Amino acid sequence: MKAYKPRFTNTSLSIRYALMSLCLSAVCRSVIFDHLAHLISYDRMSMLIILFNVISVGAMSIFSVFADKVNNKHTGVRLSVFFVILGFFLPPSFGINLKIVLLGLGSALFYSFASSLILSRSNGKSGWIGLLIGAQSIGLSCAVYSGLYAYLLAPLLMILAVPSDKCQNNDCTEEKTAKKTAFSLLPLVFLIFSYLLLSFEFSSFRFEWNFTYKTQFQLLIAIGLGRSVGGFVCDRIGRIMTVAASVSSGTVLICFCADRKWLSLLGLLLLSMSLAPMLTSVARLFPKKPAFSFALMSGTAYLGQVFAHFSKLNGILMLLISAMIIAVTVAAELPFSRKTPESEEVINEDN
């Protein structure tokens with residue numbers, strides 16, 4: 001009788017990375033908004049936020065080049081945890097700017113290597129990458145509720161980084177390499193423009209009832225749950241259906257029910273479900289560069305947030321933007337929905 005050998009899959013690793021994403025975002029947010037709040041002025045805090053965002057988003061494009069070429073990507077994740085923990089425990093007397101730089105580098109490293117591993121093994125599915133970005137918002141909500149969560153989540157982050165990636169040297173029967181797709185510039189432009197508009201729309205929302213840390217906590221929880229659920233819903237009903245249903249229903253609820261808190265939260269949850277499908281659509285265009293596609297869309301989202309500081313969307317404009325997002329997404333997905341001779345041959349062989 002052969003000895004029993006458990007089958008290695010990426011499911012446990014993807015869940016572990018989602019928990020690490022929650023811990024990492026909570027730690028970074030707590031340091032800037034809570035732990036340093038009594039040491040710096042509001043103006044300097046604003047500059048530190050910009051510094052962290054520029055490093056965490058900008059450096060991701062550089063680290064993604066190495067993340068896509070490295071076989072053992074978990075080593076890069078462990079390195080990112082080292083930078084984050086070092087920035088968290090570094091005394092402010094050693095340099096406040098240095099703490100923020102270390103946190104920014106750790107965030108960029110983590111999402112570069114984690115997204116590269118998850119997207120490269122997802123077989124074109126959106127569930128696990130949605131869980132990764134959804135946990136990020138949930139971690140921010142924990143930090144908004146109380147900065148003390150960082151002291152609990154920082155040790156947990158180190159513990160989660162200790163186990164190795166057992167699946168890297170074994171055949172993962174559940175996760176196969178995603179089907180290679182010929183690169184096309186036009187769908188990429190469409191998807192980037194659609195993601196930019198979606199981020200611009202998200203950043204333009206203003207709610208009269210959002211004036212305490214508890215309501216901010218609820219907003220981030222709704223966004224995080226929407227991101228997490230959207231990826232798994234996309235795997236069931238398809239990208240076009242998910243994006244069309246989430247963007248249309250979410251925007252309508254927020255536009256016409258902005259003064260009603262629970263309906264607005266439901267609208268945010270529905271609207272957030274469209275993020276993961278768009279990420280995997282771009283990753284499908286770069287089958288050998290999953291981390292680069294994630295970094296590209298992260299930079300696009302940050303650019304949309306910057307645009308929202310110069311102009312706001314109101315009422316009918318939001319409905320027009322949502323219709324444009326759906327139309328652009330459908331246009332980007334049409335080339336992939338057509339049957340190719342190769343796919344027909346595969347179907348015939350299966351039959």
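Mentor: Buried means under 20% relative accessible area, exposed over 50%, and partly exposed in between, with a 1.4 Å probe and protein chains only. This is a predicted model, in which local features need pLDDT of at least 70 and side-chain atom pairs count only at pLDDT 80 or more, while totals for chains, interfaces and linings use all residues. Residues are numbered from 1 along each chain as its sequence is written, and side-chain values use heavy atoms, with hydrogens and water left out.

Trainee: What makes Phe66 count as exposed?

Mentor: The relative accessibility of Phe66 is 52%; the cut-off for exposed is over 50%, so Phe66 belongs to that class.

Trainee: Why is the pair of Trp128 and Phe232 called edge-to-face?

Mentor: Rings of Phe, Tyr and Trp (its six-membered ring) pair if their centres lie within 6.5 Å; planes under 30 degrees apart are stacked, over 60 edge-to-face and the rest tilted. The structure holds 13 aromatic pairs. For Trp128 and Phe232 the centres are 5.5 Å apart and the planes stand at 85°, so this pair is edge-to-face.

Trainee: What makes the pair of Tyr145 and Phe217 tilted?

Mentor: Their ring centres are 5.2 Å apart and their planes are at 55°, so the pair is tilted.

Trainee: How do you know that Phe217 is partly exposed?

Mentor: Phe217 has 25% relative accessibility and therefore counts as partly exposed.
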